[in-house]
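Here is a short briefing on one protein chain. Have the sequence and the structure open as you read.

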Amino acid sequence: MPIYAVWNNKGGVGKSYLTFQIAAEYARVHPEKKVLVVDLCPQANSSSMLLGGMQLGEANLNRIHLGQPRLTISGYIEDRIFSPYVNPRTGSRYALPIHDYNYPIPRNLFLVVGDEQLEIQASRVSAATAPGPQDAWRIVHTWISDLIQDVVSAWNGQDHTVFIDCNPSFSIYTELALSASDRLIVPFSADGSSKRAVRAVLALIYGVTRQPGQQQSEFYLNSQRFRMSSPTLYMYVGNRLTQYNQTSGAAFKSVVNEIGEEIFAVWQANPGLFCVHPAGAPVPTSKRPFKAMFQYEVNDANSASVVSGTLGVPISALVSGRRMVLGKEVMVNQSQLDKQVPNIRSLVAAIE
Ligand SMILES: Nc1ncnc2c1ncn2[C@@H]1O[C@H](COP(=O)(O)OP(=O)(O)OP(=O)(O)O)[C@@H](O)[C@H]1O
Ligand SMILES: [Mg+2]
């Protein structure tokens with residue numbers, strides 16, 4: 001079953017927010033499947049939202065971080081630093097049932113909790129790629145696949161889908177996430193630097209450099225050397241689009257269209273990097289079907305988005321009305337929900 005990495009090396013584009021919303025909605029509409037979120041970002045933002053948001057979620061995070069054993073991604077990474085080249089098969093203990101911590105999250109969603117310790121472990125993970133067996137780099141880059149495999153084995157092969165929230169930096173833990181995933185969801189924001197980021201992602205993962213002769217990433221070179229597959233491009237999500245008024249709405253639209261042109265140019269030059277979906281769908285032959293398959297949009301729902309993230313209630317489970325947020329009463333309007341909920345639903349409907 002598919003493993004989706006949510007990544008863009010541009011920061012703050014909504015990777016964690018969308019991981020939270022997409023995974024929760026996907027779990028809601030697929031009660032027959034198990035959904036696993038792996039938080040491979042030391043900021044642990046998606047974990048915090050899934051575990052209940054700014055108060056409950058942070059308290060849950062602290063409790064889990066202080067637990068013995070430390071049932072977080074760092075606990076697992078520690079197992080692997082101890083046994084880098086022989087799989088200790090400890091992964092399944094790290095997938096926590098999130099409904100037990102935060103009831104609006106469906107029962108079929110499990111989380112490997114993010115942990116700031118990842119930052120401190122990174123140098124030891126990198127160190128493990130150099131010595132040892134000849135293919136040490138390859139083995140270390142299967143650690144997260146091993147983790148997922150352990151969890152899935154404990155589920156006795158039940159249908160499942162995995163989402164991995166990534167850190168923006170192209171650090172060792174992001175490399176591990178990308179090696180473990182087979183499809184990529186790339187959120188972007190409506191600004192000029194997102195256009196640049198489209199090319200940066202291509203260069204880092206697939207070695208498609210901006211200028212000929214440009215230096216290629218170690219990740220790309222080693223993935224080639226060890227014949228490891230890289231995730232295919234599954235969707236680009238223009239996120240946090242605002243429709244305040246016609247002028248700003250039109251400005252956002254034109255920036256998104258410009259980035260859409262960039263993505264379409266990438267497709268024309270490298271169609272093999274993309275994952276045509278759903279399975280069996282015809283390969284797009286022009287811009288319109290290409291956009292329908294690969295480009296999605298999620299609006300900013302203003303205070304509804306803030307309430308959703310702060311309380312850890314997925315936006316599609318949020319009802320309009322007054323909510324208490326950090327001791328203050330906040331009004332969630334149906335019109336705000338209507339801005340974003342349909343976007344999340346159609347995006348999730350496109351995820352196999
Ligand atoms: N569609 C949206 N509507 C409203 N707010 C949003 C939306 N998407 C993201 N946000 C908010 O924007 C901010 C940045 O989002 P987020 O933390 O998910 O980005 P990120 O890409 O994960 O960042 P980083 O690169 O630091 O990991 C957060 O406060 C988040 O709640
Ligand atoms: Mg994030």
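P187 has V237 in strand β7 as its bridge partner. Keep in mind that this is a predicted model.

- Strand β7 covers residues 232-241.
- β7 is mostly covered, with 9 of its 10 residues buried.
- Strand β6, made of residues 183-189, pairs with β7. The two run in the parallel sense, and 7 bridges link them.
- β7 is also joined to β8, by 5 bridges. Here too the strands run parallel.
- Strand β8 spans residues 295-299. Its residue Q295 stands opposite Y236.
- In a regular strand, side chains alternate between the two faces of the sheet.

**The nonpolar core**

- The largest nonpolar core holds 102 residues.
- Which residues have the most contacts inside this core? They are A23, L109, I164 and A177.
- Helix α1, residues 15-29, gives the most to the core: 8 residues.
- A177 touches A5, L40, I144, I164 and C166, leaving aside residues up to four places away in sequence.
- Nonpolar side chains tend to be buried together in soluble globular proteins.

**Cis peptide bonds**

- The bond from Q68 to P69 is cis, and its omega is near 0 degrees.
- P69 sits in a loop.
- P278 belongs to the loop between α11 (246-269) and α12 (287-294).

- R227 is not a glycine, yet its phi is positive, at about 55 degrees.
- Where is R227? Look in the loop between α10 (218-225) and β7.
- Is R227 buried or exposed? R227 counts as exposed, because it has 7 C-beta neighbours inside 10 Å and the cut-off for exposed is 12 or fewer.
- N302 also has a positive phi, near 50 degrees, and is a residue other than glycine.
- N302 lies in the loop that runs between β8 and helix α13 (303-311).
- N302 has 16 C-beta neighbours inside 10 Å, so it counts as partly exposed. Buried would take 20 or more.

Technical notes
Residues numbered from 1 in each chain as written. Chains lettered and ligands numbered in written order. Predicted model: local features only at pLDDT ≥ 70, side-chain atom pairs only at ≥ 80, totals over all residues. Core = buried A, V, L, I, M, F, W, Y, C linked by C-beta atoms within 7 Å. Helix = DSSP H or I, 4+ residues; strand = E, 2+ residues; numbered from the N terminus. Contact = placed C-beta atoms within 7 Å. Pairing = 2+ DSSP bridges.
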